Structures are given as C-alpha cells and as structure tokens.
Amino acid sequence: MIAALFAAALAISPTCDLEHPSGKAGCTRAAVDALKMNQIQVVGSHNSYKMAIAPKEMANVRARNPKAADTLDYSHERLTDQLNAGARQLELDFVYDPEGGRYYSPLGHKMAPDTTPYDLEPMKKPGMKVIHVPDIDYRSVCPLLADCFREIKAWSDKHPEHVPILIIFNLKQDQLKVPGAVPLLPFDAKAMDAVDAEMRAVFRADQLITPDSVQGKHKTLREAVAAGAWPTLGKARGKFLLAMDEGPEVVAVYRGNRKNLEGRAMFINAPDETSPAAGYITLNEPIKENARIQAAVKAGLIVRTRADADTWEARRNDRAPQVAAFASGAQYVSTDYMHPDKRFSDYETHLPGGGLARPNPVTAKP
C-alpha cells in the first residue's frame with residue numbers, strides 16, 4: 001500500500017491541479033485519483049459566512065473598543081461565490097435556537113440603528129443560527145445553518161468532481177459580557193444531537209466522509225488514520241468532511257460515552273494527536289506550530305491552519321504566516337483574503353503555483 005502511494009506521488013507533478021488534472025504526463029486523472037484525500041492541499045475561508053458590520057454599528061464598536069473593531073473589520077461574499085472562486089474549506093459558526101426568535105433583535109442594532117439592509121426574519125425560525133458574535137457581529141450570508149448547507153449542497157451537486165471540502169464549525173455558547181445581551185443556550189447532549197440532525201437532513205449519507213466510514217474495522221479512529229484509511233481522492237470527490245473546531249470540554253459533550261465517534265456526523269478537533277478519536281486537528285499558528293503540523297500530517301491526521309488572522313497580515317501585507325502554512329503540509333489553509341481588501345494592501349492567499357488543489361508538500365512527497 002505504501003509503495004503504491006509513493007508511486008502515485010512520484011507520478012504527479014507538484015504543479016498539477018488535482019481538481020482538474022490536465023491528462024498530460026505528471027497530471028493524469030488515474031494518478032491523481034490514486035492519492036489519498038490527506039495527500040492534497042487546498043485553500044479555504046475563515047468565518048465564511050461573515051458579512052460586514054453595518055457602518056453605524058461598526059462606529060459604535062470602534063468607539064468602545066478600537067482593537068476589537070480592527071479584528072472584526074472583514075467580510076466574505078456568498079458561499080456559492082467563494083466556492084466558485086476556489087474555496088475548498090468553509091467555516092460556519094452557530095448558536096442553538098430550538099424555538100426560534102432568540103436572536104431576532106440584536107443589541108448592536110438597537111444601540112446604533114443603521115439602515116443598511118439585512119433581513120432578520122429568518123431568525124424567527126427554529127434551528128441553528130449562523131452568527132459570529134451574537135448581538136454585535138450578527139450579519140451572515142446565510143442566517144440559518146440549514147440554508148447554508150442547502151446552498152453548499154446545491155453547488156456541489158452542480159460540481160460533483162470537486163475535491164473533498166472540509167466544513168468546520170464553532171459552537172457559540174460563551175456569553176457576551178455586555179448589559180442587555182441575549183442569553184446564549186448551552187450545547188448539551190440534546191443540542192448536539194440536533195446539530196447532527198440538521199446536517200444529515202441536508203447532506204445525503206453518501207456525500208459525507210464520517211468518522212465511522214474512515215475508522216472501518218480498526219479499533220480506533222486514530223489507528224485507522226495512522227494506517228492510511230482515508231479514502232482515495234477518486235472516492236472522495238464530491239464529498240464533505242465535517243469537523244467540530246472546539247476545545248476538550250465541548251468535544252466531550254459531543255462524544256458522550258463513545259470510545260471514538262460512533263454514529264456521529266462530525267470529526268472533532270482532537271485534544272491531542274494520540275487521542276483514540278484523533279482524525280482531524282486545528283493548529284492555527286503556522287509559524288509557531290509548524291513542526292507540530294508537519295508531525296500531525298505525517299501521522300495521518302488532517303490539519304487546518306490559518307494563513308492570516310484578525311486582519312493583521314492584510315494591514316501589513318505580511319505573507320510570512322501564509323508561506324509557513326503552505327510549507328507545513330496542512331491540508332486545509334484558511335484565509336480571510338481570497339480577494340485583497342484594497343483598504344489595507346494587496347494581500348491575498350492562493351495556492352502556490354495556482355490551481356484549486358495541489359499535491360501536499362509533506363504527505364504526497366516520498
């Protein structure tokens with residue numbers, strides 16, 4: 001098996017676009033599809049749903065906390081446009097709202113009324129709501145998590161040959177310490193089951209790469225990924241990997257009494273690389289954690305890291321973290337700048353050499 005993977009890696013040019021192989025020597029569909037899905041590298045977006053805070057509301061935030069305002073001063077286009085532009089990793093953050101209406105009247109809007117159009121009517125419906133910072137940074141390209149899924153699925157159905165897309169999630173339950181802020185509901189066991197239900201209600205079973213499907217007959221998920229159990233790119237095309245990007249306490253609620261992640265839709269952010277449920281891990285510091293990222297991908301895990309954060313790199317046109325991220329071998333490199341924000345600089349993030357997916361510089365190199 002290892003020899004076959006090395007042979008495939010040797011046959012593929014490092015400049016080959018794995019999503020659209022040219023068919024020429026070094027970039028044939030047969031060789032590309034023989035790669036495992038953890039032997040690719042792609043670019044995606046951070047907080048993919050986030051719209052800009054309305055001007056008057058942003059002015060209010062900036063007057064109270066200029067540093068926080070800087071970190072929130074970015075936005076993304078609708079999910080379909082991001083996918084068309086090459087995003088192969090998305091991030092959706094959400095709050096629990098089983099009855100509906102909890103987030104219909106944001107405090108930020110009441111504090112600084114702004115006429116910038118935004119439809120809050122979907123917030124009256126029951127279900128998970130996609131929000132960055134409840135009450136303050138609440139505008140989303142798709143307010144309902146289920147609607148985000150439907151838009152992503154519709155795009156995928158029209159582009160069934162896409163490489164596997166990672167969707168990561170933050171579950172918002174930390175209370176905003178501002179008088180008048182809406183009380184957030186915790187993600188208890190019932191809420192976790194509701195999250196999985198929303199996912200499975202939109203995506204077909206054969207569209208998801210689940211922990212169970214990767215673990216197979218192995219005793220643990222960690223053992224499976226160490227043995228190279230990720231599906232080949234040929235089998236993973238048109239599919240999604242869902243992962244909860246949360247700390248140990250939230251992860252423990254999602255796992256419950258499970259030894260691994262039996263029956264769950266999402267992978268978890270592994271507490272460490274040796275956990276029996278380790279298959280995916282978030283390591284967001286590509287310079288500081290570069291060695292750890294390389295070790296994790298060599299051990300079979302799928303890793304997401306960030307090329308930039310909090311608008312810092314864009315304001316300074318600093319590409320050092322981006323370079324480190326790509327060199328680390330993290331399969332999914334996230335950015336807020338698939339297009340430059342000319343207010344700051346020409347900073348943007350794309351795969352070195354172009355294309356939508358390339359052979360991984362660590363795992364697809366013998």
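**Strands, burial and spaces**

Guide: Let us begin with strand β4 (residues 165-171), which is joined to β5 by 5 bridges, the two strands running parallel. The model is a predicted one.

Visitor: What makes β4 and β5 a pair?

Guide: Two strands pair if at least two bridges are found between them. β4 and β5 have 5 bridges, so they count as a pair. One of the bridges sets Ile165 against Phe240 in β5.

Visitor: How do you know that β5 and β6 pair?

Guide: Strand β6 (residues 267-268) and β5 share 2 bridges in the parallel sense. The cut-off is at least two bridges, so this count meets it. Met244 stands opposite Ile268 in β6.

Visitor: Why is β5 called mostly covered?

Guide: A residue is buried when its relative accessible area is under 20%. In strand β5 (residues 240-244), 5 of its 5 residues are buried. Phe240, Leu242 and Met244 point one way, Leu241 and Ala243 point the other way, and all are buried.

Visitor: What makes β7 and β10 edge strands?

Guide: An open sheet of 5 strands has the order β7-β8-β9-β1-β10, with mixed pairing. β7 (280-282) and β10 (358-359) each have a single partner strand, so one side of each is left without a neighbour in the sheet.

Visitor: How do you know that β1 and β9 pair?

Guide: Strand β1 (residues 40-45) and strand β9 (residues 332-335) have 4 bridges in the parallel sense. At least two are required, so β1 and β9 pair. Gly44 stands opposite Ser334 in β9. Helix α13 (residues 290-298) lies across β7 and β8 (302-306), and runs at about 155° to β8.

Visitor: Why is Gln322 called buried?

Guide: The relative accessibility of Gln322 is 9%. The limit is under 20%, so Gln322 counts as buried. Gln322 lies in helix α15 (residues 320-328). Leaving aside residues up to four places away in sequence, Gln322 touches Ala307, Tyr347, Glu348 and Thr349.

Visitor: Which other residues of α15 are buried, and what covers them?

Guide: The buried residues of α15 include Pro321, Ala324, Ala325, Phe326 and Ser328. Among the elements covering the buried residues of α15 are β1, α13, β8, α14 (312-316), β9 and β10. Just after α15, Gly329 takes a positive phi of about 90°.

Visitor: What makes a space a cavity, and how many are found?

Guide: A cavity is a set of points where a 1.4 Å probe fits but cannot get out. The search of the whole structure finds 2 cavities of 30 Å³ or more. The largest cavity has a volume of about 50 Å³, and its lining includes Arg102, Tyr103, Asp135 and Tyr138.

Visitor: How confident is the predictor in the chain?

Guide: The mean pLDDT of the protein chain is 95, and 97% of its residues reach 70 or more. Over residues 1-6, however, the pLDDT is below 50. Beyond near neighbours in sequence, this stretch has 4 contacts in the model.

Methods
Residues are numbered from 1 along each chain as its sequence is written. This is a predicted model: local features need pLDDT of at least 70, side-chain atom pairs count only at pLDDT 80 or more; totals for chains, interfaces and linings use all residues. Side-chain values use heavy atoms; hydrogens and water are left out. Contact means heavy atoms within 4.5 Å. Axes are lines fitted to C-alpha atoms, for helices over the stretch in contact, and angles run from 0 to 180 degrees between N-to-C directions. Buried means under 20% relative accessible area, exposed over 50%, partly exposed in between (1.4 Å probe, protein chains only). pLDDT is the predictor's confidence in each residue, from 0 to 100. On a 1 Å grid over the protein atoms alone, a cavity is a set of points where a 1.4 Å probe fits but cannot get out, and a pocket is an open set with protein on both sides within 12 Å along at least five of seven lines; lining residues have an atom within 4 Å of a point. Grid points are joined across faces, edges and corners, and a volume is the space filled by probe spheres set on the points.
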